[in-house]
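Welcome, and thanks for taking a look at this one with us. Have the structure open as you read, and we will walk through it one piece at a time.

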Amino acid sequence: MQYFRPIPDLSGGRWRLAGGWTGFSSFELLERGTAARVVQDAPLEVIGALTAPRPPVLGLSMDAPRIMGIVNVTPDSFSDGGRWNEDGGIAHGRALIAEGAHILDIGGESTRPGAAAVPVPEEIARTRPAIGALSREAAVSVDTRKAEVARAAVAAGAGLVNDVSGFDFDPGMAAAAAETGAAVCLMHARGLPENMQDDPRYGDVLLDVYDALAERIARAEAAGVPRDRIVIDPGIGFGKTLEHNLAILRRISLYHGLGVPVLLGASRKRFVGTLGGTETAAQRDPGSLAVTLAAAQQGIQIHRVHDVAGTRQGLALWQAIKGAEA
């Protein structure tokens, strides 16, 4: 099978990537077991998938990078566990809105490496108050792997279900998403949080993840979720080593070939600290911003981050400089 990765063209390009801000004029042709090579054309269906404007997500157009602010209402998140629990994360969510978040992603179960599952009633109790309050002020997604939690969240006001298992964890999740009418983000992960970092291996991580995401999209559509309600996430840090993460990030524009918006969640993850030289998650924001800007250059539409203010500022400067070069 052949895979065509659009190569961003800083000078403008022949085509617009996903109807957005990034142009491209050529492709990197990828095949398993063969060295990558640059080509100047691709099949019409490939070009069509790469250039078609993406539908809005939660009413937000995908013609500019969008910031998803993280609201953890958990006691054990790797970055800020327990910090925002006093009022169920509502004040923190409002602060992120003021800082420029387009979407709030509210989660009541940590999926950090080694984390244990949370019972459904407890996860609902953690997330529902914040969703109910904040969905009146901003677009809201719920970060959950469980159908019952998703149903409760949508009933409370969430418009998107962000499932880190890509519908692999709960057999009822696809039906729940279809029946509620929510948008979905299908992430790639290998294994469960308890064991996902125990020696993950791939034949070709970039292409293996692409194929797995294509299968997840097909499964969601078969369950009744329309493609225009689907977002995908390659799952940085979920069953992947530092080398796997870098391989994906270097060529992340490949995933536009799936024909849906792409979300990136790399904020404060361990590889950022490893490469940036800091063990403390809260000190990884500069490195996280560097990853965000590199991904924005490759046309990635949604960026899930802890530091909304810093990300908004960084993107504003990047867009101003990019505009001056155009």
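In which sense do strand S5 (residues 66-72) and S12 pair, and over how many bridges? In this predicted model, S5 and S12 pair in the parallel sense, with 4 bridges between them.

## The sheet as a whole

Let's step back to see where that pair belongs. The model has an open sheet of 8 strands, in the order S10-S9-S8-S7-S6-S5-S12-S11, with parallel pairing. S10 and S11 are the edge strands, each with a single partner strand, so one side of each has no neighbour in the sheet.

Strand S12 covers residues 302-305. Ile302 and Arg304 point one way from this strand, His303 and Val305 point the other way, and all are buried.

On to strand S11 (residues 263-264), which runs parallel to S12 and is joined to it by 2 bridges. Here the bridge partner of Leu264 is His303 in S12.

## S5, S6 and two covering helices

S5 also pairs with strand S6 (residues 103-107), in the parallel sense and over 5 bridges. Asn72 stands opposite Gly107 in S6. Helix H2 (residues 90-99) lies across S5 and S6 and runs at about 165 degrees to S5. Helix H9 (residues 285-297) also packs on the sheet, where it touches S11 and S12, and its direction makes about 170 degrees with that of S12.

Leaving aside residues up to four places away in sequence, Gly107 touches Val71, Asn72, Val73, Thr74, Thr127 and Asp143. Gly107 and Asp143 are 36 residues apart in sequence, yet their C-alpha atoms are 4.5 Å apart in space.

## Strand S9

Now for S9 (183-187). How many of its 5 residues are buried? The count is 5 of 5, so to speak, and S9 is described as mostly covered. Ala183, Cys185 and Met187 are on one side, with Val184 and Leu186 on the other, and both faces are covered.

Strand S8 (residues 160-163) pairs with S9 in the parallel sense over 4 bridges. Within this pair, Val161 stands opposite Val184 in S9.

Helix H6 has 18 residues, which at 1.5 Å a residue should span 26 Å; its end C-alpha atoms are 26 Å apart, in agreement. Its buried residues are Val205, Leu206, Leu207, Asp208, Val209, Tyr210, Ala212, Leu213, Arg216, Ile217 and Ala220. What covers them includes strands S1 (3-8), S3 (23-31), S9 (183-187) and S10 (230-233), along with helix H7. H6 is followed by Gly224, whose phi is positive, near 110 degrees.

How do H6 (residues 205-222) and H7 (residues 242-250) cross? Their axes come within 9 Å and cross at roughly 70 degrees, and the two helices are therefore roughly perpendicular to each other. At this contact, Val205, Leu206 and Val209 in H6 meet His244, Ala247 and Ile248 in H7. The contact residues divide into 5 nonpolar, 1 polar and no charged.

Terms used. Residues are numbered from 1 along each chain as its sequence is written. This is a predicted model: local features need pLDDT of at least 70, side-chain atom pairs count only at pLDDT 80 or more; totals for chains, interfaces and linings use all residues. Side-chain values use heavy atoms; hydrogens and water are left out. Axes are lines fitted to C-alpha atoms, for helices over the stretch in contact, and angles run from 0 to 180 degrees between N-to-C directions. Angles under 35 degrees count as roughly parallel, over 145 as roughly antiparallel, 65 to 115 as roughly perpendicular and the rest as oblique. Contact means heavy atoms within 4.5 Å. Ala, Val, Leu, Ile, Met, Phe, Trp, Tyr, Cys and Pro count as nonpolar, Asp, Glu, Lys and Arg as charged, and the others, Gly among them, as polar. Buried means under 20% relative accessible area, exposed over 50%, partly exposed in between (1.4 Å probe, protein chains only). Two strands pair if DSSP finds at least two bridges between them. The expected span of a helix is 1.5 Å times one less than its number of residues.
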